[in-house]
Amino acid sequence: MSATPYTYLDRIESPADLRKLSLPELEVLARELRDFMVSELSVNPGHLGSSLGAVELAMALHYVYDTPEDKIIWDVGHQAYAHKILTGRREAFHTNRKLNGISGFPRMSESPYDAFGAGHASVSISAALGIAQANKLQGIHRNVIAVIGDGALTGGLAYEGLNNAGASNADMLVILNDNHMSISPNVGALTEYLLDITTSRHYNKLKNKIWNAMSGVPRLRREIQNFGNLVKQGILRQSNLFESLNFRYFGPVDGHDLQSLIRVFSDMRRIPGPKLLHVITQKGKGYKPAESNSPVWHAPGKFDPATGQRLSTSDPQHARYQDVFGHTLLELARQDPRIVGVTPAMLTGSSMDILQKELPDRCFDVGIAEGHAVTFSAGLAAGGLIPFCCIYSTFMQRAYDNMIHDVAIQQLPVIFCLDRAGLVGEDGVTHHGVFDLAFMRSVPDMTVAAPADEAELRNLMYTALQAARPFVIRYPRGRGIGADWHQAPRILPVGKGEIRRHGTDIAVIAVGTTLQDVLTAAEQAAAEGISAEVANLRFVKPLDEELLHDLARRFHTIITVEDGTTEGGAGSAVAEFLADNDYATHVIRLGIPDRFIHQGTVAELKALCGYDAEGIRRTLLEAARTQA
């Protein structure tokens with residue numbers, strides 16, 4: 001934790017302390033908050049840029065509204081660090097995203113000020129509407145505010161919430177925190193629409209002139225507000241989207257002008273019904289490196305706060321899985337004009353920007369809209385192309401229906417590349433990609449594969465291209481083991497695994513990148529007299545039935561190891577196969593148990609779940625003793 005003594009920040013234990021400060025004191029506090037976040041996140045990485053941009057917004061909200069009685073729902077927790085620090089978690093902030101520490105995202109169980117948990121985008125409006133309607137039914141009078149932004153308004157769920165909230169005339173405020181960014185720059189027609197409103201010099205000049213002139217006449221000022229949207233329509237020559245959804249639109253306003261924000265929020269508390277305030281902020285505000293390169297400073301890792309130099313903490317000799325994907329996709333696309341790339345707002349995070357830079361017309365960033373990404377990919381495939389649809393595993397959950405109905409049933413050749421599969425570490429429970437093997441293997445005719453290393457990822461991408469069918473490849477976050485992936489890709493037989501180590505006592509089936517820990521554990525167990533046979537399953541669907549028959553005939557005990565949930569995952573598939581074929585083989589499933597796993601390093605969490613190399617070794621020894 002920062003040892004710097006702060007004039008005001010050190011006094012803030014709750015928003016009640018914040019409300020005791022004058023406006024000049026609040027301005028100093030805003031600078032102290034930014035300094036504190038930069039200092040802390042330079043050594044304990046997290047989401048920096050978005051939270052720097054929302055400092056004044058968080059302060060003004062807690063200054064005006066009676067939180068936690070009034071409810072603030074933050075969309076995408078990237079924005080919420082200032083909120084956390086101001087609501088009693090300053091002393092604990094050094095534990096942010098660490099094992100047994102505070103979460104990097106809002107979490108209801110962590111604080112009464114976290115009115116709703118949000119790790120995925122676009123949920124705030126629907127949740128706020130639910131709370132507002134609950135208030136109405138129970139006769140509770142309190143304010144409900146949804147803060148949406150950082151690209152979350154590109155998600156379809158946000159519009160479902162807006163449509164329903166407007167129709168129900170719910171008493172709630174939606175704040176559009178418009179920084180023109182998600183992780184990469186926002187895309188789509190709505191972004192251009194908001195930019196037109198933001199940059200209309202004539203409209204803003206007229207609005208500010210009238211607003212300031214009427215500051216001493218509240219009643220007339222309210223009439224000007226009612227008249228405002230007619231002015232907007234006349235100058236912008238287009239109707240107001242939010243007004244058409246029965247939301248009263250206000251703004252845009254400067255999201256870094258504390259005095260204006262406090263005044264506007266104070267006024268809006270008295271206005272009933274659905275309201276939307278358009279706030280303009282700058283991602284990375286107050287820290288020059290973050291202001292100048294928003295995508296990099298969204299979550300920059302460790303850095304020197306004085307110079308802005310980012311510090312590498314991993315082995316650059318080993319390629320990141322995402323980069324193997326990106327370079328292989330470009331190479332295949334050069335050879336086959338049917339190949340296109342699709343991603344929901346994760347161009348740089350998935351390394352699909354490698355394709356985008358060379359072949360921009362064949363790379364599609366559809367915004368934070370996973371369901372649309374999948375059905376759009378299905379349309380591309382129906383039109384004769386072969387889309388590689390890259391989605392983080394945790395976000396693929398949001399597009400499950402689209403995947404079944406629009407891809408699988410129609411047998412369209414969409415190749416799903418699920419990045420960040422398995423435990424992802426410090427982002428925690430909302431971002432672990434632990435369910436994909438379980439929910440994908442239940443879909444008929446779906447091929448589901450998990451590469452053991454970088455070379456196998458490359459080969460599986462080439463295999464999927466030739467397969468001409470729905471195909472899932474899931475791979476983890478981070479760097480590989482150093483496997484040579486620069487060789488020409490080759491086709492792997494679909495539904496076939498391989499034996500990687502021969503043994504006589506117990507069989508261990510490794511799924512995906514768990515293979516390396518399994519091999520290490522087998523070697524350690526051999527030093528203690530236990531001979532383990534190790535198989536690389538490679539395909540979770542279809543299973544290698546020949547391999548499983550062979551192992552079941554030769555071994556009394558089979559251990560499965562996967563970086564995914566043990567409930568319904570690859571181990572369950574193996575156990576089901578053995579049961580269906582009347583084998584009495586004892587199956588021990590290692591992986592993520594039937595509970596939600598929170599934040600920590602990947603190594604810490606694997607150890608906690610018992611499937612790191614040491615956990616596998618212990619299981620081997622215990623199984624051998626039981627078997628004996």
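Predicted model: local features only at pLDDT ≥ 70, side-chain atom pairs only at ≥ 80, totals over all residues.

Reader: Which strands are at the edges of the open sheet of seven strands?
Author: Strands here are DSSP runs (E, at least two residues) and helices are runs too (H or I, at least four residues), numbered from the N terminus. Two strands pair if DSSP finds at least two bridges between them. The sheet has the order 7-6-8-9-11-10-15, with mixed pairing. Each edge strand pairs on one side only, and these are strand 7 (363-365) and strand 15 (539-541).

Reader: In what sense do strand 10 and strand 11 pair, parallel or antiparallel?
Author: Strands of a sheet pair through backbone hydrogen bonds, in either sense. In this pair, A449 stands opposite I473 of strand 11. Strand 10 (residues 447-449) and strand 11 (residues 471-474) have three bridges, and the sense is parallel.

Reader: What angle does helix 16 make with strand 8?
Author: Helix 16 (residues 370-382) packs on the sheet and touches strand 6, strand 7, strand 8 and strand 9, where touching, or contact, means heavy atoms within 4.5 Å. Axes are lines fitted to C-alpha atoms, for helices over the stretch in contact, and angles run from 0 to 180 degrees between N-to-C directions. The direction of helix 16 makes with that of strand 8 an angle of about 170 degrees.

Reader: How are helix 6 and helix 7 placed relative to each other?
Author: Helix 6 (residues 124-138) and helix 7 (residues 156-168) have axes 8 Å apart and pack at an angle of about 30 degrees. Angles under 35 degrees count as roughly parallel, over 145 as roughly antiparallel, 65 to 115 as roughly perpendicular and the rest as oblique. So helix 6 and helix 7 are roughly parallel.

Reader: Is V264 buried or exposed?
Author: V264 sits in helix 12 (residues 258-268). Leaving aside neighbours within four places in sequence, V264 is in contact with V253 and L277. Buried means under 20% relative accessible area, exposed over 50%, partly exposed in between (1.4 Å probe, protein chains only). The relative accessible area of V264 is 9%, so V264 is buried.

Key:
Residues numbered from 1 in each chain as written. Heavy atoms only, no water.
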